[in-house]
Amino acid sequence: MGSAELEGKRSGWMPSMARIEDYALIGDCETAGLVGRDGSIDWLCVPRFDSDSCFAKLLGDEHNGYWKICPEARSSSERRYRPGTLILETTFTTDCGRVRLIDLMPPKTDLSKVVRIVEGLEGEVEMRSELVARFDYGTSVPWVSRLEDGAVSMVAGASMLLLRTAVPMRGEAMKTVGSFSVARGETVAFVLSHQISYQDPAAPEDPASLLKQAEDFWRNWSSRCKTAGPYSEAVQRSLITLKALTFGPSGGIVAAATTSLPEQIGGSRNWDYRFCWVRDATLTLLALVGAGFFDEARAWRDWLVRAVAGSPRQLQIMYAVTGERRLTEWEVPWLSGYENSKPVRIGNAAHTQLQLDVYGELMDALYQARRGGLRENKRAWAVQCALLDHLKSIWSQPDEGIWEVRGGAKHFTYSKIMAWVAYDRAIKSAAEFGMKGRVEEWEAQRAAIHDEVCRRGYDLERKTFVQVYGEPQLDASLLLIPAVGFLPPEDPRVISTIQAIERELLQDGFVRRYDTGATKDGLPPGEGMFLACSFWLADAYHLIGRDAEAKELFERLLALRNDVGLLSEEYDISRRRLVGNFPQAFSHIALVNTAHNLTHREKPSEHRGSKRALPSEGDEAARSD
């Protein structure tokens, strides 16, 4: 991963559509923004990940909000994160000199803030700041005024942005702009803060102090990361990304910082991922524990227990960052969509679906938390027992499956396997940790599900498990059969299923979730390669002893990261571009776990299948809840 140039023959101020991989992430552990190679923040929602945006150029155009700082003249750029941090440095080179733009969001204490500092490195460079604030997903134009202390106030309804800088700012064509020059050794700073409009304007803060606070926070946090051999840098960057996608007050982890980045350019598979999925639970916990981040693992576990508490009949597959349940989906007609990929969706209707696999994921995550030595959550076991009672009455029903299809409920094989996991982990919790429950009944349920899946989910003629009972399509989720412990890796049915997926779902060396042309999922066919599925294939290779192929595939996947180490949800092999929401927590979680499988003595895939234990919290410095 090296430097990347802007188009040298055009001014930095001509409109352009950045590729998804042209963005980097900044965040304050409650929300996040995306910064392009050109110095433009094109996406920012405040004060939470799922709040309305104030910059939405990413999903529309310049009229929908952005904040760009870059040289007036044509330039090239290269960028990096400061090691061990989420502080972005973009270095612009012009004919007149070089400058460094430092972008960060200090970990939130009271208000969300964006700090931008321009440092002169060589010569003298003419710079320009151009800010267009548009609240309510790019539609509400604020009233802009100057306060007595010189700050620029931007107010619309309940929202207010305050811009503080020594640069003289002026209004120009519905933009707030400022021109300035930076010579070697000079710095120019900007601080943009968000607050409720009826509150008194927040006092100014020193940008250098905010930078130091952020650097100290991230370096202290990332220094705890366990090494992963040759993949240590990639693992640390993925875990920093995962931390940045965590809503600090609750411990909930959002699937991505964005909504509606398309799974296929120009297509309609555009979803809001700024919520927390129960499905991510176990793999997230294993990634955190395996890297030594027990505090974050415990916070995630506790978020899960709080979110799902209540009537077992009302278990959802996803929740908002503090556990809210109403995630009503609607379309934004005034946003044109990323590269005209419509519609732009806010909210996610899949939260109302029945997806049986989440019962298994939840039970497995809480079981793995116990195995990791996390102090018991007093509410967890009672909630688990109630959910198991409910699962007994619904596991035989059709559901919408792991991929949240909108083509009607079916008997998805993987959903049934995860129902088996739910009972299996309850039985193991009773045996290993003395938890009290109806073990004999659970054993009967576990046996019944296992028998049905092996009878109805396995195609004897083709020698493979299938996506749906009685239908021929395959599904990449079946790669997880040995990892969850449903069958051992050496079982011939596991081996032949992996081989079938290689034949039918492997394309250009990467794995499709399923054939969108063959599976009626309620949407037009076509999407990229779902990156987590390719990591799962590498894990499956490792489990069956094909380690050289596992390493080769893993390193191909690492090469898809952008220049600052970030992955989206999918990869378009024809365009050779990242697609889908960005950065994607599930992709980075899969990266961490596969790296640990290939380098650690304690391997998440073997651990989840109950072959060996990961290090427990008790093995580390003492921690208390």
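Q: A helix here is a DSSP run of H or I with at least four residues, and helices are numbered from the N terminus; in which helix do Arg 455 and Asp 451 lie, and how many residues apart are they?
A: In this predicted model, Arg 455 and Asp 451 both lie in helix 9, 4 residues apart, which is about one turn of the helix. As a general rule, an α-helix has 3.6 residues a turn, so residues three or four places apart point the same way.

Q: What makes the pairing of Arg 455 and Asp 451 a salt bridge?
A: The distance from N to O between the two side chains is 2.9 Å, and the cut-off for a salt bridge is within 4 Å, so the pair qualifies. In general, side chains of opposite charge can pair when their charged atoms come close.

Q: Why is Arg 455 called exposed, and why is Asp 451 called partly exposed?
A: Arg 455 has a relative accessibility of 53%, and exposed means over 50%, so Arg 455 counts as exposed. Asp 451 has a relative accessibility of 41%, which falls between the 20% and 50% limits, and therefore Asp 451 counts as partly exposed.

Q: How do you know that the span of helix 9 agrees with what its 18 residues should give?
A: The expected span is 1.5 Å times one less than the number of residues, which comes to 26 Å for helix 9, and because the end C-alpha atoms are 26 Å apart, the two values agree.

Q: Which residues of helix 9 are buried, and against what do the buried residues of helix 9 pack?
A: The buried residues in helix 9 are Trp 442, Gln 445, Ile 449, Glu 452, Val 453 and Cys 454. The elements that the buried residues of helix 9 pack against are helix 7, helix 8, strand 22 (458–459), strand 23 (464–465) and helix 10 (492–504).

Q: Why can the pair of Asp 424 and Arg 446 be said to tie together parts that are apart in sequence?
A: The closest N and O atoms of Asp 424 and Arg 446 are 2.9 Å apart, and the two residues form a salt bridge. Asp 424 lies in helix 8 and Arg 446 in helix 9, so the pair ties together parts that are 22 residues apart in sequence.

Q: Why is Asp 424 called buried, and why is Arg 446 called partly exposed?
A: Buried means under 20% relative accessible area, and Asp 424, at 2%, therefore counts as buried. Arg 446 has a value of 22%, which lies between 20% and 50%, so Arg 446 is partly exposed.

Q: What makes Arg 438 and Asp 389 a salt bridge, and where in the chain do Arg 438 and Asp 389 lie?
A: The closest N and O atoms of Arg 438 and Asp 389 are 2.4 Å apart, and since this is within 4 Å, the pair counts as a salt bridge. This pair links distant parts of the chain, 49 residues apart: Arg 438 is in the loop between helix 8 (413–433) and helix 9 (439–456), while Asp 389 is in helix 7 (residues 380–394). Arg 438 is partly exposed, with a relative accessible area of 43%, and Asp 389 is partly exposed as well, with 32%.

Q: How many salt bridges does the structure hold, and which residues are linked in a network of salt bridges?
A: The structure holds 55 salt bridges. A network of salt bridges links Arg 80, Arg 82, Glu 89, Arg 100, Glu 119, Glu 215 and Arg 219.

Q: Why is Glu 296 called buried?
A: Glu 296, which has its place in helix 5 (residues 294–308), has a relative accessible area of 13%, and this is under 20%, so Glu 296 counts as buried. Leaving aside neighbours within four places in sequence, Glu 296 is in contact with Trp 221, Arg 224, Lys 243 and Leu 288.

How values were computed:
Residues numbered from 1 in each chain as written. Predicted model: local features only at pLDDT ≥ 70, side-chain atom pairs only at ≥ 80, totals over all residues. Heavy atoms only, no water. Helix = DSSP H or I, 4+ residues; strand = E, 2+ residues; numbered from the N terminus. Buried < 20%, exposed > 50% of the residue type's maximum accessible area, 1.4 Å probe, protein only. Contact = heavy atoms within 4.5 Å.
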